[in-house]
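Biologist: I am new to this structure. Could you show me how to read it, feature by feature?

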Amino acid sequence: MRKILHADCDCFYAAVEMRDQPALREVPLAVGGSAERRGVVATCNYPARAFGVRSAMPTATARRLCPELVVLPPDFERYRAVSQQIQALFLELTPLIEPLSLDEAYLDVSEVARFHGSATWMAQWLKEQTLARTGITLSVGVAPSKFLAKIASDWDKPDGLTVIAPEDVDGFLRPLPVSKLHGVGPATTAKLEALGIHRCEDLRQRSLTTLLERFGKFGRHLYQLARGIDEREVNISRERKSVSVETTFDRDLPDLAACRQALPPLIDKLRKRLARHDDPPSDKRFVKVKFDDFSQTTMESAGYADDSRGFQHLLEQAWQRGARPVRLLGVGVRLVPEDAQRQLTLFDES
Ligand SMILES: [Mg+2]
């Protein structure tokens, strides 16, 4: 049985800012792009959340919800320095680390002998040491698999420590809303709920065949997660080179006009996904088109990630290459190598 930790700092960028300027602790604070430049919130503290401010929300909207909101531009150099301290701490425990972003990682501690092999103790130690060495609070989830560890770290945020022991997995999963499962976003949640599947226990009552029919390959994933099966290993060589979202349509989109209409929700989703990542987007975006004959093409160009017109333009060029019905559309951005990140103004649209 594996022991996986998922460690995740609480509102990381905002936490670094509050640490360095204690006066900011008591006020609603967001880190992100400015409202004037149509930026979005990357991270916000808990006082801001009390007003309904959220990550990926346009800063202008956040300001409407909370007029006294303090908005700071991100300072990646400082965040990266803290991140390195935390990664060094993780390394004291195990070399089996899969960083997901500046402030988030999976750790496989199955073979760690320290702390009598107690993953709960290890998690406790990580939390104490992170706070002592960096002044930042960490939430940690402990579980026998990655997806459960990730759910656990989010369970009692901020400053949380949630343990899902192997014998508790079943009881934990049964009442769990399907929206909490790895890879299940709002669209899949809606589709599941339309089928009367709200919780994992509902999901378990559907056969693998039914789920494969309804959800394609993803059906197997759903079938397994509902039973706590997630064999994905902590991948230490992982390198995130791009962030993208794509949709396979229930019915092929007949023409370019239909593709154009389908693009904005994808761009929205991409923007939200980017805001969850701490890697800033590069100035390279791309559009992927798969036609009904399964041929596919990708168009790529320079330009900021959340410029919708840029994506529309790429879509037109990509579509012309096949000029036939479309079964899948994707949008994404290439991420900048770490060294090149400094000059970017995150989430701003020029
Ligand atoms: Mg975090």
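Biologist: In which sense do strand 1 and strand 6 pair?
Modeller: Start with the general idea. Strands of a sheet pair through backbone hydrogen bonds, either parallel or antiparallel. Here strand 1 and strand 6 (residues 104-108) pair in the antiparallel sense over five bridges. His 6 stands opposite Tyr 106 in strand 6. Two strands count as paired if DSSP finds at least two bridges between them. Helices (H or I, at least four residues) and strands (E, at least two) are DSSP runs, numbered from the N terminus.

Biologist: How far can I trust these numbers?
Modeller: This is a predicted model, in which local features need pLDDT of at least 70, side-chain atom pairs count only at pLDDT 80 or more, and totals for chains, interfaces and linings use all residues. Residues are numbered from 1 along each chain as its sequence is written, and side-chain values use heavy atoms, leaving out hydrogens and water.

Biologist: How many bridges join strand 1 to strand 7?
Modeller: Six bridges join strand 1 to strand 7 (residues 138-143), and the two run antiparallel. Leu 5 stands opposite Val 142 in strand 7.

Biologist: Are the faces of strand 1 covered or uncovered?
Modeller: Look at accessibility. Buried means under 20% relative accessible area, exposed over 50%, partly exposed in between (1.4 Å probe, protein chains only). In strand 1 (residues 4-9), six of its six residues are buried. Ile 4, His 6 and Asp 8 lie on one side, Leu 5, Ala 7 and Cys 9 on the other.

Biologist: Which residues are the protein donors of the magnesium ion?
Modeller: Donors are N, O and S atoms within 2.8 Å of the metal (3.2 Å for Na, K and Ca); water is not among the atoms, so sites may look incomplete. Here they are Asp 8 (OD), Cys 9 (O) and Asp 103 (OD), lying 2.2 to 2.5 Å from the ion. Their spacing along the chain is D-C-x93-D.

Biologist: Why do Asp 8 and Cys 9 count as buried?
Modeller: Asp 8 counts as buried because its relative accessibility is 12%. Cys 9 counts as buried because its value is 2%.

Biologist: How do I describe two packed helices?
Modeller: Two packed helices are described by the angle between their axes and the distance between the axes. Axes are lines fitted to C-alpha atoms, for helices over the stretch in contact, and angles run from 0 to 180 degrees between N-to-C directions. The axes of helix 1 (residues 12-20) and helix 4 (residues 76-93) come within 10 Å and cross at roughly 100 degrees. The two helices are therefore roughly perpendicular. Angles of 65 to 115 degrees get that label; under 35 counts as roughly parallel, over 145 as roughly antiparallel and the rest as oblique.

Biologist: What forms the open sheet, and in which order?
Modeller: Three strands form it, in the order 3-2-4, with mixed pairing. Strand 3 (41-44) and strand 4 (70-72) are the edges, each pairing on one side only. The twist averages 30 degrees from one strand to the next. Strand 2 (residues 29-32) pairs antiparallel with strand 3 over three bridges. Ala 30 stands opposite Cys 44 in strand 3.

Biologist: Which strands does helix 1 lie across?
Modeller: Helix 1 lies across strand 2, strand 3 and strand 4, at about 120 degrees to strand 2. Contact means heavy atoms within 4.5 Å.
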